[in-house]
Amino acid sequence: MAASTATAVPEKSPKSSPPEFVPFDFSKPPLIDGFNPLAKLKDETLKEKLLRKTKENPFVPIGCLFTAGALIYGLRAFNLGKTKQSQLSMRGRIFAQGFTVVALVFGIFTTTMKPKE
């Protein structure tokens with residue numbers, strides 16, 4: 001009888017491939033022309049920022065208040081069972097939302113047209 005000898009073939013470990021090319025370093029913010037994420041012009045509180053933004057475009061907060069008012073009034077009318085008032089106030093809410101969106105777009109348009117200081 002012939003004895004069969006098993007030859008041990010050493011397993012080949014996969015060779016480590018070179019790391020793939022990474023277009024930017026994830027530990028740093030990306031570089032964007034004209035944008036510096038680390039620069040802060042001045043620290044302002046939430047109240048100061050709200051007042052500044054309201055002065056820049058006063059129609060947005062007015063539209064938001066009208067939208068919230070129409071929503072609250074419509075929900076109250078719905079709760080009291082006044083379906084006609086509820087429907088009219090929901091239509092008014094949609095109108096107020098449209099007004100707010102138009103005010104936002106107008107504000108963005110005027111901001112982009114301002115000359116750089």
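Start with Phe99, which sits in helix H3; helices here are DSSP runs of H or I with at least four residues, strands are runs of E with at least two, and both are numbered from the N terminus. Keep in mind that this is a predicted model, where local features need pLDDT of at least 70, side-chain atom pairs count only at pLDDT 80 or more, and totals for chains, interfaces and linings use all residues. Residues are numbered from 1 along each chain as its sequence is written, and side-chain values use heavy atoms, with hydrogens and water left out.

The cut-offs are under 20% relative accessible area for buried and over 50% for exposed, with partly exposed in between, using a 1.4 Å probe and protein chains only.

And what does Phe99 touch, leaving out residues up to four places away in sequence? Phe59 and Gly63, where contact means heavy atoms within 4.5 Å. Phe99 and Cys64 are 35 residues apart along the chain, with 9.0 Å between their C-alpha atoms.

Now over to helix H2, where we find Leu65. Leu65 has a relative accessible area of 65%, so it counts as exposed. Between Leu65 and Ala96 there are 8.8 Å, C-alpha to C-alpha, at 31 residues apart in sequence.

How do the two helices sit against each other? The axes of H2 (residues 59-80) and H3 (residues 83-113) come within 8 Å and cross at roughly 165°. Those axes are lines fitted to C-alpha atoms over the stretch in contact, and the angle, from 0 to 180 degrees, is between N-to-C directions. That makes H2 roughly antiparallel to H3, a label for angles over 145 degrees. In that contact, the residues split into 15 nonpolar, 9 polar and 1 charged. Nonpolar covers Ala, Val, Leu, Ile, Met, Phe, Trp, Tyr, Cys and Pro; charged is Asp, Glu, Lys and Arg; the others, Gly among them, are polar.

What about annotation? UniProt, in an unreviewed entry, lists "transmembrane region" for residues 59-78 and 90-109; such annotations may be inferred rather than shown by experiment. In the model, residues 59-78 are 100% helix, with the end C-alpha atoms 28 Å apart. Residues 90-109 are also 100% helix, and there the ends are 29 Å apart.

Zooming out, the chain has 3 helices and 0 strands, and 12% of its 117 residues count as buried.

Key. Angles under 35 degrees count as roughly parallel, over 145 as roughly antiparallel, 65 to 115 as roughly perpendicular and the rest as oblique.
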